[in-house]
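Have a look with the structure open.

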Amino acid sequence: MNDQYSELYSSYQWLVPSTFNIAEACVHRWAENPHEGRRIALYCEDEFGQRTVWTYTRLSEVSRQLANGLVKMGVAQGDRVALVMARRPEMVAAYMAIFSVGAIAVPLSAQLETSVLSVCLRDAQARVAVVDAVTGPGLLKAKAQFPALTQIIGLGFQHDWVIPWRTLLARQPVIFKVPQTRASSPALLLYRSQGNGALKGVLLPHCALIGNLPGFVASQNWFPNRRDIFWSPADWARSGGLLNALLPTLYFGHGIVGVAGQFSAPKAFKIMERYQVTNTFLSPEALTTMMMEISSPREHYQLALRAIMTTGEPLERTVFDWCKDTLAVTPNETFGQTEMNCVAGNSHQKWPTKPGSMGRPYPGHRLAVLDSSGQPCPAGVVGNIALNKYDIYGHPEPVLFLGYWRNAPATEAKFMGDWCLTGDLASADVHGNFWYAGHDDIQGQQEETRHTPPCTHSLPGVTISGSSIPDSDTHGNLSI
């Protein structure tokens, strides 16, 4: 095949605006146009199989109503609002309302234990939370351990401490002016566990979505085509479901499928057939389960699948071959962390894919394998994968996290000069492909977990250049 990697990588330059708001970019701008507003944003099914369809107009109006309600409740820019809901349209509306206000969304998975919920709420100092009937009881138990959580908005969940969702929205207008939001302003506080069981809050700016787009577009075989529909079983409360599925799909004005309940192979194929899903993000574990349970899916299901992105661990060669031969889709493996999502990977339609490889740095991202002194390792030598604060042209890297919440020592330990260390080990071959070699346990031990006063919302030397949103055509295709 024609290897286009060098041309794509060398020609890409970041175009990041000085002001950028995820809600404006993902929802409100589409709703402003009557034609675009009628497009379907969300296809959702609840745990009982009830189906709901939301257009971009409806999503925008509901999120603006909720934004007005949050302001009436005293939520201001920089405040943390916990979001504990099952995968449903109102969850997306809540995200967009929080972003619209300029507050920080703190998504917490519905599967978290009460003790973990209370730790996250206390660490984030969240005094407002949004829940539904599935997550409400657990959140109330967590509130008992964190009384500072004083306001709870409940969808389909009633309690003396809860403000009903419908009652709150019924009093609010559908007009809400999104304030000017700096691209570097914090938008998301994502909690992830460490090897020792402790939790870290990863603070991401609005512009992290822009930084995520090259990897998303490339791993999805140049998303979007005109009829593309996305689905993934990934949790919308975690970085994978947010940054590898929900937010970039909405950014391009396309529809995404969200289905409540547990993952299963038959369910996955039925969803993909029912909605004619073209693009998906699936873990290696999910793909392995699908292969083992339904070895010949195209004999039973009418599929429209054209792209599979996977991440988390190397894909077994048998699973890679099954995707390629049976699903007729070559999977694109990717690499990233919550702190720097989707910065390397494959895009088999643009450059050769080597099974088992983590791929190459995606356009816009300057990655290297470093030795213990911070110097690039020769080809074939194992070192620490690191992302530079600047691209090859000296432009600031927008995908990087702002820091660990209330944990300045851990933030400092993550960096070596201008390099952000992933803690993952790999070697690079002469073609620039990365090959995973394990985790750097020493760095993990160096990252202190004690809490300190809240860290600043920017890192030394990191600024956001002011220009424009990445070029796109009439369908929102990112030009890279």
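1. First, a cut-off: a charge sits over a ring if NZ of Lys or CZ of Arg is within 6 Å of the ring centre and within 35 degrees of the ring normal. Keep in mind that this is a predicted model. Arg-39 lies over the face of Trp-30, 5.6 Å from the ring centre. Lys-200 does likewise with Tyr-404: its charged end sits over the ring, 4.3 Å from the centre.

2. On to the helices. The axes of α5 (residues 89–101) and α10 (residues 239–251) come within 13 Å and cross at roughly 75°, so the two helices are roughly perpendicular to each other. From α5, the contact uses Val-92, Tyr-95 and Met-96, and from α10 it uses Leu-242, Leu-246, Leu-247 and Leu-250. By class, that makes seven nonpolar residues, no polar and no charged.

3. Now the rings, with 15 aromatic pairs in the count. Take Phe-223 and Phe-230: their ring centres are 6.2 Å apart and the planes stand at 80°, so this pair is edge-to-face. Phe-223 is buried at 1% relative accessible area, and Phe-230 is buried at 0%. Both belong to a cluster linked by ring pairs, together with Phe-216, Tyr-251 and Phe-252.

4. What about Phe-401 and Phe-415? They form a stacked pair, 6.2 Å centre to centre with 10° between the planes. Phe-401 is in the loop between β18 (383–388) and β19 (403–404) and Phe-415 is in strand β20 (residues 415–416), so the pair ties together parts 14 residues apart in sequence. Phe-401 is buried, with 1% relative accessible area; Phe-415 is buried too, with 15%.

Definitions and conventions
Residues are numbered from 1 along each chain as its sequence is written. This is a predicted model: local features need pLDDT of at least 70, side-chain atom pairs count only at pLDDT 80 or more; totals for chains, interfaces and linings use all residues. Side-chain values use heavy atoms; hydrogens and water are left out. Axes are lines fitted to C-alpha atoms, for helices over the stretch in contact, and angles run from 0 to 180 degrees between N-to-C directions. Helices (H or I, at least four residues) and strands (E, at least two) are DSSP runs, numbered from the N terminus. Angles under 35 degrees count as roughly parallel, over 145 as roughly antiparallel, 65 to 115 as roughly perpendicular and the rest as oblique. Contact means heavy atoms within 4.5 Å. Ala, Val, Leu, Ile, Met, Phe, Trp, Tyr, Cys and Pro count as nonpolar, Asp, Glu, Lys and Arg as charged, and the others, Gly among them, as polar. Rings of Phe, Tyr and Trp (its six-membered ring) pair if their centres lie within 6.5 Å; planes under 30 degrees apart count as stacked, over 60 as edge-to-face and the rest as tilted. Buried means under 20% relative accessible area, exposed over 50%, partly exposed in between (1.4 Å probe, protein chains only).
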